[in-house]
Amino acid sequence: MISLSPLTVMESLKKTRPRPVLFCVFVLCIQLQLGLTGDCPADGRTWVPFGDRCYHFVHGEEDKAKIYSLESAKTLCQGFELLSVQSAEENDFIISYSPDVWKGVVNVWLGMYYDTNSEDMKWFGDSPVQFTNWVDSTSPSDLVPMDTCVALNSKTGKWENVSCLDEVENGVICETNQTEEAKPKPSPLLSALVILSVVAIVGVSAVIWFLHQKHSLGSTIVTAFEYHPPFRVLDTDQSCLVEAEETDSVP
């Protein structure tokens, strides 16, 4: 009967685990992640990263009423874009972060305008509006289309049509893409060398691991086997003695 000790085999497999390979793959992933990470503008203002975008919540002075027309909101962004919301996750981010900036509920200007050519709302920069979160209202708007802008409620996250000229809102959020200007771009040659080095290390480690596993498993399995012969073979003297006893016992 042949029996194998599972504990012995498992211990051998643990000892032959290709840890150098996993470490090299981990290092490569970290390097690629660092290379893809962007930065927010370093202009002395507080920018909050979310996704691949950066947001500046204009705080103002607490002892003064914060009211801004659309044009003054653009001026406060200093060349950056007014807030444009492209997804429900981004809309939720604005709602969750606003209480950390403002006390109470504010209405935030959205960088949106009415395009007379398409007769539809567009973001500044002429990008189409794909995600919307309009307030539930059955009453028609009395605003002239060309005078229609949009504000976001910081508590509910709902959007509402407001006048671009007459209305003043008390929240401004500036937005821009994350940049990589502050970080040196990795050299293509250096990146290729890193990748080739990792591939070579992985290949060599795999071969060494396979040979070591084959040797370790072979020796472990041999020592773990216990051989139990199904019957006992009698030697010549004992066999003759048995035959003589059988002959004497015959009548």
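Analyst: **Positive phi and an open sheet**

Asp126 sits in the loop that links β6 and β7 (127-128). Its phi is near 65 degrees, a positive value in a residue that is not glycine. The model is predicted, so local features need pLDDT of at least 70, side-chain atom pairs count only at pLDDT 80 or more, and totals for chains, interfaces and linings use all residues. Numbering starts from 1 along each chain as its sequence is written, and side-chain values use heavy atoms, without hydrogens and water. Strands here are DSSP runs of E with at least two residues, helices are runs of H or I with at least four, and both are numbered from the N terminus.

Glu119 lies in the loop between β5 (112-115) and β6 (120-123). Its phi is positive, about 55 degrees, though Glu119 is not a glycine. Glu119 counts as exposed because its relative accessibility is 60%. The cut-offs, with a 1.4 Å probe and protein chains only, are under 20% for buried, over 50% for exposed, and partly exposed in between.

Now the sheet. Four strands form an open sheet in the order β1-β2-β10-β3, with antiparallel pairing. β1 (48-50) and β3 (81-82) are the edges; each has a single partner strand, so one side of each lacks a neighbour in the sheet. Pairing requires at least two DSSP bridges between two strands. β1 and β2 (residues 53-58) are joined by three bridges, in the antiparallel sense. Val48 has Tyr55 in β2 as its bridge partner. Helix α4 (residues 88-97) packs on the sheet and touches β1, β2 and β10 (172-177). Contact means heavy atoms within 4.5 Å. The direction of α4 makes about 35 degrees with that of β2. Axes are lines fitted to C-alpha atoms, for helices over the stretch in contact, and angles between N-to-C directions run from 0 to 180 degrees.
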